[in-house]
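Work through the exercises below with the coordinates open. Each task is followed by a stepwise solution.

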Amino acid sequence: AGSLYELKEAARGKTTTEIKLSRAERRHSMALRAANIAAWSWDGVSETIECDNALRQMLNLPVGEPVTCRKVLGAISPEIRFSMLRRFKAALEQGDEYQCEIKVESTGRWLLSLGGSYENAFLDDERGPVFGVVVDISATKETEQKTRLLLRELNHRVKNTLAIVQSIAGQTLRRSRSSAEFNMAFSGRLQALSAAHTLLSDEQWGAIAMERLLRSQIAPYAD
């Protein structure tokens, strides 16, 4: 009777543990989906990678089908594929974590892959399976690209403005008979240039009506 009671208590405890584990897994899965993160694992022996459907969607792979290393490499753009593979192998050999940005060839989506192998306490400190996560960073990459474009455009416009100022200074200097005359004329022309830039800025560097431009330039002589 005592043995049966102990077996019954052990079974009840196992059931409770399984329920808690199931709830923890559900919470973990919901947190990953909310953060747009995919998780995966690979034991280094089998060709199959254990992952959730979020990773399949990120890599544009069929949902429900087994994911293999060959399929994952085939989904990555060729210009990034081999450098990512070298970095991954080097991290495994050194026992370090790896981090790599990859681009999906079919969709152009950018992903950040993080992972590494961890020591398995049950296997005499041998390296255990490789675990990792993949984060969608497409929005961040798009923002970085827009920022680079804006900086290049700003650099181009600043160079044009400096060239205009240099030309104005040269013309004003040739036509001025004294330093006082140069200072007055050059200052007025810089103010006119500033007024034109203000109009462009107000219109977000779009089209400006010629009448508005002329009125802003001849305003000092309106009287």
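**Exercise 1: the largest pocket**

Task: State how much space lies in the largest pocket and which elements supply its lining.

Solution. The largest pocket of this predicted model holds about 340 Å³ of space. Its lining consists of 18 residues, and W40, I49, V72, M84 and F88 lie nearest the centre. Next, assign the lining to elements: strand 1, helix 3 (69-75), helix 4 (78-94), strand 4 (98-103) and strand 5 (110-120) each supply at least two residues. Helix 4 gives the most, with four residues.

**Exercise 2: S41**

Task: Is S41 buried or exposed?

Solution. Locate S41 first: it is in strand 1 (residues 37-42). Its relative accessibility is 14%. The cut-off for buried is under 20%, so S41 counts as buried. Leaving out residues up to four places away in sequence, S41 touches I49, E50, V130 and F131.

**Exercise 3: salt bridges**

Task: Describe the salt bridge between D136 and R109, then the one between E211 and R215.

Solution. The structure holds 10 salt bridges. In one of them, the side chains of D136 and R109 meet at 3.3 Å, N to O. This pair links distant parts of the chain, 27 residues apart: D136 is in strand 6 (residues 126-136), and R109 is in the loop between strand 4 and strand 5. D136 is partly exposed at 22% relative accessibility, and R109 is partly exposed at 29%.

For E211 and R215, the N to O distance is 3.1 Å. Both lie in helix 7 (residues 210-218), four residues apart, about one turn of the helix. E211 and R215 are both exposed.

Terms used. Residues numbered from 1 in each chain as written. Predicted model: local features only at pLDDT ≥ 70, side-chain atom pairs only at ≥ 80, totals over all residues. Heavy atoms only, no water. Buried < 20%, exposed > 50% of the residue type's maximum accessible area, 1.4 Å probe, protein only. Contact = heavy atoms within 4.5 Å. 1 Å grid on protein atoms, 1.4 Å probe; cavity = no way out; pocket = protein on both sides within 12 Å on 5 of 7 lines; lining within 4 Å. Points joined across faces, edges and corners; volume = space filled by probe spheres on them. Salt bridge = Lys/Arg side-chain N within 4 Å of Asp/Glu carboxyl O.
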